[in-house]
Amino acid sequence: MADQIQWVELSVFIFFFALVTVMGFFAARWKAGPVSEHLDEWGLGGRQFGTWITWFLVGGDFYTAYTVIAVPALVYAVGAYGFFALPYTIIVYPFVFAIMPVLWKQAHANGHVTAADVVQGNYQSRALELAVAITGMVATMPYIALQLIGMGVVIKAMGLTGELPIVAAFIVLALYTYSSGLRAPALIAFVKDIMIYIVVLVAVVVVPAKLGGYGAVFAAANDAFTAKGGATGLLLKPAQMLPYATLALGSALAAFMYPHTLTGIFASKSADTIRKNAILLPAYTLLLGLIALLGYMAHAAHIKVDTPNDVVPALFQALFPSWFAGFAFSAIAIGALVPAAVMSIGAANLFTRNVWKSYVNPDISHAGEAAVAKIASLVVKVGALSFILFLPTQYALDLQLLGGLWILQTFPALVFGLFTRWFRAEGLLLGWAVGIGWGSWTAWSNGLKPLATLDLGGASYVFYVGLGALILNIAVAAVATVIVEMISPNRAGATARS
Amino acid sequence: MWILLLVPFVGLLWVPFYNFAEPSLFGFPFFYWYQLAWVPISSLLIWLVYRSRTPDETP
């Protein structure tokens with residue numbers, strides 16, 4: 001990777017960055033509402049986003065910049081196993097179609113802004129509400145840090161060193177998120193997604209043409225894995241199949257428990273908007289599958305890098321003129337801004353509604369909520385920034401992995417309550433605690449690998465620890481519900497307003 | 001019709017069913033084009049369920 005500054009790339013990059021900055025500040029006036037007077041306006045863009053805006057927004061914040069860097073990097077390093085992102089982002093949509101419209105209806109009817117609001121509405125339990133809110137905030141922080149890492153990779157590729165460029169980019173992001181709220185990333189998502197589509201479609205046509213077709217790309221990758229050995233290859237090893245499937249399923253169930261994806265759901269205009277998006281959003285998954293193949297193209301192009309994360313920038317610099325590489329890098333960096341903004345808004349909404357309003361100032365006005373959330377979004381961003389400035393990068397990656405397993409433990413509290421009131425808040429809280437405790441401990445004792453091993457009747461099964469923790473979570477919640485039901489059959493408050 | 005929503009789960013989570021190189025298509029080993037093919041298939045299945053359900057504005 002070049003160490004001098006790549007002026008052409010950098011100029012293109014700065015042009016697009018300036019463009020989205022102007023758009024970010026201008027967004028406050030887009031589909032204008034009183035942004036500072038109500039949290040629905042700042043934090044949910046006025047709950048008015050139709051099918052296309054939601055498509056761009058959710059596509060923009062679910063398929064993050066880090067994905068564009070990390071998925072090809074993993075595929076480059078290990079092969080087929082890295083493709084679990086593909087089944088994951090397919091099966092998530094039948095789930096979204098079945099569950100999320102129900103969640104939207106409940107949130108819409110009761111003015112809920114966050115997952116924890118919905119949980120509190122269904123169970124009237126401040127403790128469960130706080131558990132869901134804190135899990136959401138804690139899981140989001142390293143996710144934002146990851147976006148910064150993704151942005152850092154392309155900035156480094158352009159020859160800029162030091163942390164100043166990232167800090168500057170982040171201050172700009174923080175300011176327009178502060179002033180425009182969710183409207184800013186929603187508007188920028190249009191630019192980001194169109195740029196990413198152009199980059200990837202050009203890459204998947206031009207790169208194989210330069211390298212001798214897809215047959216040659218797969219053959220080159222196969223040679224590289226044969227030479228490398230170990231648990232790599234174009235196909236899964238038998239021992240990788242169960243981890244592959246459970247990672248896909250667990251990730252799919254966790255994906256729409258995160259504050260940033262749920263913010264996209266709550267901001268939709270109608271339940272039908274969400275259903276149509278479940279049909280249309282897989283277009284991004286096709287894109288993701290093609291992005292993943294960049295990892296194999298790098299083998300065919302004989303790209304050698306120090307860390308796999310540099311594979312995508314190195315590939316673009318090797319095969320494209322510098323203006324197009326600059327365009328691709330802008331797409332990736334802007335692709336980091338959209339999710340980072342939505343994540344900080346989602347976390348800020350949780351803090352405002354479920355910590356500040358619940359514990360500090362229950363009589364807060366609508367304008368007061370918006371003011372608290374705006375400040376909270378700044379704090380969240382500074383937290384994520386200090387994460388990558390002061391801690392080793394690996395910490396952010398490890399915590400993001402744990403974050404996925406934590407957020408998955410909010411699934412029973414959030415989803416089951418939409419369909420049945422059978423579970424008791426006490427049981428769900430205990431299940432959540434046991435799931436997080438066992439999952440974290442297992443991941444930790446495996447050297448922060450997301451896999452757990454279970455020995456049953458002589459055979460040993462390796463699976464995604466988050467999914468195991470979820471099953472344990474549900475079992476504990478069910479047993480505890482039965483016990484609590486025997487001790488106190490009277491459901492205090494459970495029939496109150498929801 | 002809602003049962004159609006479970007089909008992608010079966011098709012994609014039962015990995016031994018598609019962990020093969022052959023038959024390949026346009027240079028893509030089976031493992032890859034099979035999973036990519038599930039993207040439009042899943043969209044289609046969800047659309048079929050969407051079409052069949054009664055519109056919800058009457059709760």
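In this predicted model, helix H1 of chain A and helix H16 of chain A meet in a right-handed crossing. H1 covers residues 7-26, and its axis comes within 8 Å of the axis of H16, the two crossing at roughly 35°. To find the meeting place on H1(A), look for A:Val8, A:Glu9, A:Leu10, A:Ser11, A:Val12, A:Phe13, A:Phe16, A:Phe17 and A:Val20. On the H16(A) side, the residues that make the contact include A:Trp323, A:Phe327, A:Phe329, A:Ile334 and A:Leu337. Sorted by class, the residues of this contact are 14 nonpolar, four polar and one charged.

Now compare a second pair of helices in chain A. Helix H9 (residues 183-211) packs against helix H14 (residues 282-300) at an angle of about 35°, and their axes are 10 Å apart. Here the crossing is left-handed. From H9(A) the contact takes A:Tyr197, A:Val200, A:Ala203, A:Val204, A:Val207, A:Pro208 and A:Leu211, while among the residues that H14(A) brings are A:Leu287, A:Ile291, A:Leu294 and A:Met297. This contact has 14 nonpolar residues, with no polar and no charged ones.

Let us step back to the nonpolar core. The largest one has 197 residues. Which residues have the most contacts inside it? They are A:Ala145, A:Leu148, A:Ala248, A:Ala292 and A:Ile332. You can pick out A:Leu148 and look around it: leaving aside residues up to four places away in sequence, A:Leu148 touches A:Ile166, A:Phe170, A:Ala336, A:Ala384, A:Leu385 and A:Ile388.

A:Val462 sits in strand E2 of chain A, which runs over residues 459-464.

Chain B is the next stop. It has two helices and zero strands. What radius of gyration does chain B have? The value is 15 Å, whereas a compact globule of 59 residues would be near 10 Å. Taken along the principal axes, the C-alpha atoms of chain B fill a box of roughly 50 × 20 × 10 Å. Buried residues make up 29% of the 59 residues in this chain. Among contacts in chain B with a separation of 6 or more, 52% join residues 24 or more positions apart.

Finally, see how the two chains meet. The contact takes 25 residues from chain B and 30 residues from chain A. On chain B, helix H1 (7-13) and helix H2 (30-52) each supply at least two residues of the side that touches chain A. H2(B) gives the largest share of that side, eleven residues. By class, the side of chain B that touches chain A has 19 nonpolar residues, five polar and one charged.

Note on methods. Residues numbered from 1 in each chain as written. Chains lettered and ligands numbered in written order. Predicted model: local features only at pLDDT ≥ 70, side-chain atom pairs only at ≥ 80, totals over all residues. Core = buried A, V, L, I, M, F, W, Y, C linked by C-beta atoms within 7 Å. Buried ≥ 20, exposed ≤ 12 C-beta atoms within 10 Å, placed from the backbone. Contact = placed C-beta atoms within 7 Å. Helix = DSSP H or I, 4+ residues; strand = E, 2+ residues; numbered from the N terminus. Rg over C-alpha atoms; globule rule 2.2 N^0.38 Å. Axes fitted to C-alpha atoms, helices over the stretch in contact; angles between N-to-C directions. Left-handed = near helix turned anticlockwise from the far one by under 90°. Nonpolar A, V, L, I, M, F, W, Y, C, P; charged D, E, K, R; others polar.
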